[in-house]
Amino acid sequence: MVLIETSGSPESRSSLVCVDNLRGVSEVSLDFLKDRVKVRASCNGLLCCSSIPDKGVYYVCNPMTRDFKLLPRCRERPVTRFYPDGEATLVGLACDVSKNKFNVVLAGYHRTFGHRPDGTFICLIFDSDSNKWKKFVSHRDDHFTHMNKNQVVFVNGALHWLTGSCSYILALDLDYDVWRKISLPDEVSYGTGNRVYLLDSDGCLSLIQISDAWMNIWVMKDYEKEVWYMVDRVSLRCIRGLVPGIFPIAQTGECIFLATHKQVLVYHQKSRVWKEMYSVKNSASLPLWFSAYAFRSTIFPSD
């Protein structure tokens, strides 16, 4: 599925449009949080949301069952010191269904008041088992675009972000609290006319490379050895006019969801057919891909 945050008036509570390959389009409300929130991350049926009026307040919720947890405030108070806008650069949610637990990660560059950031990268990790935050500090020089930040993937016990330069994937191993770099396929070139995105494909890391005419899909079949395989090469000729503003959001083994400024498309890999699943009727200020998240849930409310 794809969840899209719809931008209503600043005073209104957040609502989400859910685009499901099987069930079609429905609306999901987050009014049970009784706060104005922004979705920051999605993982295995849970969402991590941050409060808009109250910086540093985070929730983890299941929008289908309407269960939620308000995370305790972190005592460190570095959230107000994150560079450049006081918000964590990276927000990650890791929901491990097998262990019945979740982690929330806030990471970003620290800036002492009145000084430039010095490369100190602070990482705060919340553990649902202990109900506490822990912190570790490292020195990094990674940068991230808006889509890089949105597309965080939890596989193999680690959270993964594609860096802004698209030169490597930055992974946070949650078992050992250590950052590491993962190489991209040798054939993936980022530059003129090429865009690269990181997704989850049925529990594996997947890279989608979009050029003017083609979409190449890579999956990391061997995580330890970092071995990538190209699993599909898709012609974009029949959606040529949309290609400059199209962004892959979610995928399964059978289909890929992509968002444009005002549409959600699904590409069925076996039949090689494109379908429009959703389109915005009003003139929303932000494009759909700006606030679209992959969502997978096995739990649905009993209507």
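Strand 4 and strand 5 (residues 46-51) pair in the antiparallel sense over six bridges; strands are DSSP runs of E, at least two residues long, numbered from the N terminus, and two strands pair if DSSP finds at least two bridges between them. The model is predicted, so local features need pLDDT of at least 70 and side-chain atom pairs count only at pLDDT 80 or more, while totals for chains, interfaces and linings use all residues. Residues are numbered from 1 along each chain as its sequence is written, and side-chain values use heavy atoms, with hydrogens and water left out.

**Strands 4 and 5**
- A41 stands opposite C48 in strand 5.
- Two residues lie between the strands of this hairpin, where N44 takes a positive phi near 45°.

- Four strands form an open sheet in the order 3-2-1-25, with antiparallel pairing.
- Strand 3 (24-29) and strand 25 stand at the edges with a single partner strand each, so one side of each is left without a neighbour in the sheet.
- Strand 1 (residues 2-6) pairs with strand 25 over three bridges, and V2 has A294 as its bridge partner in strand 25.

**The second largest pocket**
- Strand 4 (37-43) and strand 25 (292-294) are among the strands that each supply at least two residues of the lining of the second largest pocket.
- By class, this lining has 19 nonpolar (Ala, Val, Leu, Ile, Met, Phe, Trp, Tyr, Cys and Pro), five charged (Asp, Glu, Lys and Arg) and nine polar residues (the others, Gly among them).
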